[in-house]
Amino acid sequence: KGKCPEDGWDESTIELFLHELAIMDSNNFLGNCGVGEREGRVASGLVARRHYRLIHGIGRSGDISAVQPKAAGSSLLNKLTNSVVLDIIKQAGVRTVTNCFVVPMATGMSLTLCFLTLRHKRPKAKYIIWPRIDQKSCFKSMITAGFEPVVIENVLEGDELRTDIKAVEAKVKTLGAENILCVHSTTSCFAPRVPDRLEELAIICANYDIPHIVNNAYGVQSSKCMHLIQQGARVGRIDAFVQSLDKNFMVPVGGAIIAGFNESFIQEISKMYPGRASASPSLDVLITLLSLGASGYKQLLKERKEMFSYLSSELKKLADIHNERLLDTPHNPISLAMSLKNLDENNDGAVTQLGSMLFTRQVSGARVVPRGSVQMVNNYTFKGFMSHANDYSCAYLNAASAIGIKKQDVDIFLKRLDKCLKASRKDQEKSVDEMCTSNIVTEQLED
């Protein structure tokens, strides 16, 4: 049926299935005589076993989705993976998606592939309208494709940074729709930035006949992000949305899913990929989904949402204890932010020092964002980089509830953060005491 099984398979069944696929590839035929330059020969038995002897990769030189006659098993693996992943995307909330494929590149390069495909449809276009999000790979994806990003600054609503729809439409009118390759929007992001207003952007794209590409990096795990994509496609225009394999399905880095609502356009993108491709990302995600089953994956999504509520409530308590506050970002379903005003006001380096303290205490993924940092990315200068705004009102710390997080992770993080904040406060008090002592000594010497 090409759908994810409801209940997961045991490892022995999965391995048997993979071995059956592998013996369909010509490099594993007992009487095979290969005289070409690419015959699936592998020098190391360890490497062969690591890949279950599925050596040929996926696709052909002209199309990553094409069937390779001498690699029937690998081709079947590719078709099944794309079909199973499509089923999961539908179950995650984008019901009307029509086509998708796994590409062996991470999110940034996959976005680049989408932009390069659009180049052939809109040869005069040189601009990409991009509501600002301070993450380098999605910005560089536009530069690498040879286009000029038009950065639209966000508007502050309460604590949240949201899409400036009026500025987007004004820029479309100024530049001219025919000169714009696409609008490049974002769903999953670090608070206080929240997902773009996809419905409004999709309507603008439909009205002005401009393509719309969505960076949905880790949005599959969020019902809210998936709902935004579904609604955007319903009321307006979304041509493709791109999501990471590792962030959404807990597999090694190196793959992404390009999906969309127009089957022929998604096929065009797959044909744009030059040459064959590694089957590893497809193999990893297929094994994972067969192991979890649809019910197992849904359970992980449910647990993630529960942990988000728990992290939010506990981080708010900790913020209150330290005279800080949990920023109010209700439109962000994955990431949270806690102010660091007291650290920032009393010591210029205290905020970044807190980040170092957390890292040395084996807290990974938490980000501290100081005020006023400037970053140059491909000759573009971003003021207040990492905060998604030129001058956000306070320094802050990010923490996220992503798929696979456990209560133990949250509890240990909060415990270590509490200790680091206390240590930072003691260091500040010590510095103030030393400063006061120094001033007294100076006054006495002057007397």
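Start by selecting helix H7 together with what covers its buried residues, which includes strand S2 (127-131), helix H6 (165-175), strand S6 (180-186), strand S7 (212-215) and helix H8 (223-235). Helices (H or I, at least four residues) and strands (E, at least two) are DSSP runs, numbered from the N terminus. This is a predicted model, in which local features need pLDDT of at least 70 and side-chain atom pairs count only at pLDDT 80 or more, while totals for chains, interfaces and linings use all residues. Residues are numbered from 1 along each chain as its sequence is written, and side-chain values use heavy atoms, with hydrogens and water left out.

Within H7 (residues 198-208), pick out Leu 198, Leu 201, Ala 202, Ile 204 and Cys 205, the buried residues of this helix (under 20% relative accessible area, 1.4 Å probe, protein chains only). They lie on the same side of H7 because they cover an arc of only 160 degrees around the axis, taken from the directions from the helix axis to the C-beta atoms. Just after H7, select Asp 209, which takes a positive phi of about 55 degrees.

Next, colour domain 1 (57-292) and domain 2 (297-438) separately; their bounds come from an automatic or database domain assignment. The contact (heavy atoms within 4.5 Å) takes 40 residues from domain 1 and 39 residues from domain 2.

Finally, show Asp 159 and Arg 325, which form a salt bridge with the closest N and O atoms 2.7 Å apart; the term requires a side-chain nitrogen of Lys or Arg within 4 Å of a carboxyl oxygen of Asp or Glu.

How values were computed:
Buried means under 20% relative accessible area, exposed over 50%, partly exposed in between (1.4 Å probe, protein chains only).
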